[in-house]
Amino acid sequence: MTAAPVRILVADDHTLLREALCDLLRSEPSFDIVGQAGNGEDAIRMAAELRPEVVLLDIEMPRNDPPVTVRRLLERDPGLHIIVLSMYDGQHLVQELLALGIRGYLHKSTGRDTLVTAIRDCVLSSRNTVTVSISPDSLRARAPEPEGTDRLSEREAEVLALVAQAMSNRQIAARLGIAEGTVKRHMRNIFSKLDAVSRIDAVNKATGLGMLPRRHSGPSSLARFPARQVF
């Protein structure tokens with residue numbers, strides 16, 4: 001008897017990339033694309049309605065906080081196999097999501113064979129396999145942060161470095177190719193970790209702790225933040 005195709009939900013806010021990924025997966029006779037979502041909330045809703053076996057989840061989408069989305073997906077269906085497919089593979093987030101129960105974390109530069117094998121292994125293998133394919137940079141050891149200070153993730157440091165250039169959330173989102181809501185989420189995390197009360201306060205504290213390179217154009221170089229800019 002032929003096994004039923006693996007039911008897959010693809011969640012990615014970049015329509016062209018999402019559709020190309022679906023076309024690639026449809027070429028595999030053992031896969032069935034049951035739906036496509038463009039944000040985190042739709043991914044959760046569609047997973048409940050369509051009951052896929054696998055969710056391919058991009059983490060940098062609108063209305064999506066990756067740990068919250070993963071928790072909600074698994075609360076509704078503990079047997080769901082979640083594979084993150086993202087351009088961002090910071091060590092801290094990879095470890096956090098693996099601890100929550102995802103079955104794979106793949107950088108978007110990964111090859112077709114790796115993706116197909118990861119999907120098949122997590123569903124069809126009798127072993128409780130987890131597939132991780134990330135960039136070498138994310139595995140390199142980080143210098144320890146000062147005691148008592150939460151470390152900024154790679155993406156948070158990247159966002160804050162652009163804040164230090166007086167860029168708005170919208171400009172940062174455009175520069176990094178992510179949603180503005182994702183930038184706001186990173187800023188909330190940054191404020192919390194640094195106990196900062198403003199964007200310039202966050203930049204100054206991060207610079208003082210060695211989390212950002214020091215600027216050389218003098219104290220006034222950080223004075224061009226929009227007066228009413230919110231995080």
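Student: How much space lies in the second largest pocket?

Tutor: Rolling a probe the size of a water molecule over the atoms shows where empty space is left. In this predicted model, the second largest pocket holds about 220 Å³ of space.

Student: Which residues lie nearest the centre of the second largest pocket?

Tutor: Its lining consists of 13 residues, and those nearest the centre are Leu17, Leu21, Leu85, Lys108 and Leu115. Two elements, α1 (15–26) and α5 (112–124), each give two or more residues to this lining. The most comes from α1, with five residues. Sorted by class, the lining of the second largest pocket has seven nonpolar, two polar and four charged residues.

Student: How much space lies in the largest pocket, and which residues are closest to its centre?

Tutor: The largest pocket contains about 290 Å³ of space. It is lined by 18 residues, of which Leu93, Glu96, Glu156, Arg185 and Asn189 are closest to the centre. The elements giving two or more residues to this lining are α3 (66–76), α4 (91–100) and α8 (180–194). The largest share, five residues, belongs to α8.

Student: From which domains does the lining of the largest pocket draw at least three residues?

Tutor: Domain 1 (6–137) and domain 2 (154–209) each supply at least three residues to that lining. By class, the lining of the largest pocket has six nonpolar, five polar and seven charged residues.

Student: Is Thr131 buried or exposed?

Tutor: Thr131 has a relative accessible area of 18%; buried means under 20%, so Thr131 is buried. Thr131 belongs to strand β6 (residues 131–133). Leaving aside residues up to four places away in sequence, Thr131 touches Arg103, Gly104, Tyr105, Leu106 and Ala118.

Definitions and conventions: Residues numbered from 1 in each chain as written. Predicted model: local features only at pLDDT ≥ 70, side-chain atom pairs only at ≥ 80, totals over all residues. Heavy atoms only, no water. Helix = DSSP H or I, 4+ residues; strand = E, 2+ residues; numbered from the N terminus. Buried < 20%, exposed > 50% of the residue type's maximum accessible area, 1.4 Å probe, protein only. Contact = heavy atoms within 4.5 Å. 1 Å grid on protein atoms, 1.4 Å probe; cavity = no way out; pocket = protein on both sides within 12 Å on 5 of 7 lines; lining within 4 Å. Points joined across faces, edges and corners; volume = space filled by probe spheres on them. Nonpolar A, V, L, I, M, F, W, Y, C, P; charged D, E, K, R; others polar. Domains from an automatic or database assignment.
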